[in-house]
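I opened a new model today and kept notes as I went. The entries follow the order of my look-ups.

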Amino acid sequence: MKRLFILACFSFCILTQLTAQDSSHTSQWRFSAGINLLTVPTYNIVGTDTGFNNSFSLGPTLSLGSSSGFAISYSPRFVMGGANKGLYMHAVSVGFSRYDLPVFDYAITYGHYFFTGNKSVPYSPMSNEIYGDLTYKKTWLRPYIAAGIGFGKDTSARPASSVSDIGLTAGFSHSFDWESGDVGFSMIPSVGLNAGTNDYFSFLNITKYIGHNSKSVSYVKKGSGGTARSGGRRGGGGTSTGGGTTTSTTAAAQGFGITNVQLNLESSVDINNLSIRPTVSLFIPVGNAATGNSTTAFWQLVFEYKF
């Protein structure tokens, strides 16, 4: 089923690309380079207690995109904190997006994460992601929806098993845009409601609040009995083997449910071919996820230059 879904997504991207090329007869390709700055959790082990600290992450990015919306990118990710500083993953993505249409903005992307086994960063079995979003632009408040599925193999389980997580967000946004000469500025505040399974630690786009802040363990429901499989499944507390790749928890599978309200502010400054894009988000737990949890924050800063 997952293979069929991936094939359908790629078929959609290819058909859309061919249609765009047929309508214009030309497709201009551009190369871009940039860097992605954000934080990721790293293990903080004191005796038999395992916690997490926020550590700085650098992600230089190389991309090749066409004027019709097709793009492919590669980004190695380096963690600058924890016991083992350095490379922790290679991220590759391919997809199609259109943000210049009069009625809708949309994007669909397939990404794959090649983890290096860095022992500072928590283990995640989610090595694949299919992500899509859609925004309606004809009203002052623009409704949007985004969905993603992450999947992979949990090699820490015996025997190894296939695992997956899904996420969904829906809300409203508005775009404020200004231009002056060669400088353009935009600011997009939004509010959305997030839901998902969030059963495993991940770096998925749809659940960045799970993978990108030190309090992310609090977003997963705590089980009332039994012991979850070691590895990527999220839980509160537990003990570590000291290697950083296997953590025993007492969290049961969460199941799909509402997790939080997201307040988001995304900005962009464009100076000729240079783009600077800061993002700040607040995640306010709601429903069952709110029990004992607190509001957490996520930030990201992207620099990109198009040649």
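How many helices and strands does the secondary structure of the protein chain come to? I find two helices and 15 strands; both are DSSP runs numbered from the N terminus, helices (H or I) of at least four residues and strands (E) of at least two. I note that this is a predicted model, where local features need pLDDT of at least 70, side-chain atom pairs count only at pLDDT 80 or more, and totals for chains, interfaces and linings use all residues. Residues are numbered from 1 along each chain as its sequence is written, and side-chain values use heavy atoms, with hydrogens and water left out.

Next, the interior. I looked up burial: 46% of the 307 residues count as buried, meaning under 20% relative accessible area with a 1.4 Å probe, protein chains only.

The largest nonpolar core has 16 residues. Such a core is a set of buried Ala, Val, Leu, Ile, Met, Phe, Trp, Tyr and Cys residues joined through side-chain atoms within 4.5 Å. Tyr88, Met89 and Phe203 touch the most other members. Strand E4 (86-98) and strand E6 (126-136) each give two or more residues. E4 has the largest share, three residues.

I then checked Met89. Leaving out residues up to four places away in sequence, Met89 touches Ser75, Pro76, Arg77, Tyr113, Phe114, Phe115, Thr116 and Phe203 (contact: heavy atoms within 4.5 Å).

Last, Ile72. I located Ile72 in strand E3. Is Ile72 buried or partly exposed? Ile72 counts as partly exposed because its relative accessibility is 40%, and partly exposed runs between the buried limit and the exposed one, over 50%.
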